[in-house]
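Reader: I have a model open on my screen and would like to learn how to read it. Could you walk me through a helix and then an interface?

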Amino acid sequence: MYNFFFHEVPEHLPFLLQGALVTIELSLISMALGMVLGFCVAVGRMAASRLVRWPLDAVVEVVRDTPLIVQLLLIYFALPEIGIVLNAFWAGIAGLTLNLAAYLSEVFRAAILAVDSGQRQAAVSLGMSRIAVYRRVIIPQAALASLPTLGGYFIALLKDCSLVSFISVNELLRHATIVISDTFDSMNTYIMVAIIYFIMSFASARVIRYIELRLTPSDRRQTISVPLTMDKEGAR
Amino acid sequence: MTGQSGEHRAESAPILTIRGLHKVFRGNPILKGVDLSLREGEIACLIGSSGAGKSTILRCINFLERPDAGEITVFGTPLCWQAGECVQIAPERTVQAARARMPMVFQHFNLFSHRTVMENVMEGQVVVLRRSKAEARARARDCLARVGLLDRSDFYPRQLSGGQQQRVAIARALAMSPSLILFDEPTSALDPELVQGVQSVIRDLSAEGMSMLIVTHEMRFVRSIAQTVHFCEGGRIAESAPVSEIFGSDAHERIRAFMEVTHG
């Protein structure tokens, strides 16, 4: 019988958690940048001018049709040859952000197009500027519509961060391999890593759910399957 | 009836003038030279069969659709004009300012579904007119009271009936302190029993001297509210006349034919 959890692994736990912290940093920064970039790309891809649309379409297609790991290797190892040098951490951020933005641009585009065009017209007919229409009417509704999908992408991103261990970013998985090279205990270490990933993903899912609930107008909350005392809500 | 209430008002300068308005959709000419004007305080109805271009006229006036040719002047400000072959359109800011003075009420209400009734009526005031929240709320309260929905302030649009939603939409337009309100078939999407409520709100506005341009199919409503009737046919205004003439015995033959059809 294999000896699970003998004393050495808990000893390395703080080191693994340090890696997990980097994983969280990577995910949060990439998510924030990816959302901003993804939104800009989504708006750009709906632009009237083909000069704007076509190059963006092409980039999104290339990013989506090549593996993330290849993109990361290109950014970290190949870009320096044309003079763009990023350290491992920021190369990882760049790859993850680019990848996420490509996917999110699709999500945002669908969500923006799904906003009732009548409401857009109503906003325009009140004299709102194009930016105000986006800020006041389209984005709040599109954001709410894309939130569940966004949550899914965040959790995928959290796990995709393990790929940046290949370009020597000291995140959770890389710390695990360092521990193993020291202890030769791959079983316990990897189980520990899996548990840490699970906890991070599960917690994120809960947090996202909470945000989703908070942002939903009170009249629609009952459609989300979390019990809410409607009478209390109504009284406020 | 109420329709006569406006007639004591003297002839005043037009607040809206349209000349030679053309609009083409994918090669199909929809408007083929529309001429129309509206005086301050005037209530005009646009009637005509579906596809005659009534709604398109309205949508061109506030530039939800871009005219392909012609001139539109509102409140003394040209919004588009003919420069040789091309149509010149006023700067975006000018168009936006004009829109704020002539908000539109839509067939399908188009309330902001993520905002409460109160927020819907405050939105344009705060974002476009830059009123303070307190000021906007006070004005919104006033407008909601006028359409009889003050007690629904905290509801979301989907919690209201169609008729209530349309009344909120009217309050939203009214809150802009408009010089003119454009109505695009305001009761067409409503259940028959809800039509009255909306029409009576519009009638109340007419009694207060609000200028209105109304696209509608409801002939009885036209008769009770309009001062002027414009009959659209084939992308033009085929006939413009005071309401008494339109419904009188000497009405244009084409209008009479149209009336017979719409009245079944």
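Author: Happy to! Keep in mind that this is a predicted model. Let's begin where a helix stops: helix 7 of chain A is followed by A:Phe184, whose phi is positive, near 60°.

Reader: Which residues of helix 7 of chain A are buried?

Author: First, the general idea: an α-helix has 3.6 residues a turn, so residues three or four places apart point the same way. Here the buried residues are A:Leu172, A:His175, A:Ala176, A:Val179, A:Ile180 and A:Thr183. Looking down the axis of helix 7 of chain A, they fall within an arc of 140°, so they line one face of the helix.

Reader: And how many residues are in contact between chain A and chain B?

Author: Chain A brings 21 residues and chain B 25. Together the chains bury about 2100 Å², with 57% of that on carbon and sulfur atoms.

Reader: What about charged and polar pairs?

Author: There is one salt bridge between chain A and chain B: A:Arg136 pairs with B:Glu123, their closest N and O atoms being 2.7 Å apart. Eight residue pairs are in polar contact across the two chains. On the chain A side, helix 5 gives the most, with seven residues.

Technical notes
Residues numbered from 1 in each chain as written. Chains lettered and ligands numbered in written order. Predicted model: local features only at pLDDT ≥ 70, side-chain atom pairs only at ≥ 80, totals over all residues. Heavy atoms only, no water. Buried < 20%, exposed > 50% of the residue type's maximum accessible area, 1.4 Å probe, protein only. Helix = DSSP H or I, 4+ residues; strand = E, 2+ residues; numbered from the N terminus. Arc of directions from axis to C-beta. Contact = heavy atoms within 4.5 Å. Buried area = accessible area lost by both parts, 1.4 Å probe. Salt bridge = Lys/Arg side-chain N within 4 Å of Asp/Glu carboxyl O. Polar contact = N/O pair within 3.5 Å; in protein donor to acceptor, adjacent residues only side chain to side chain.
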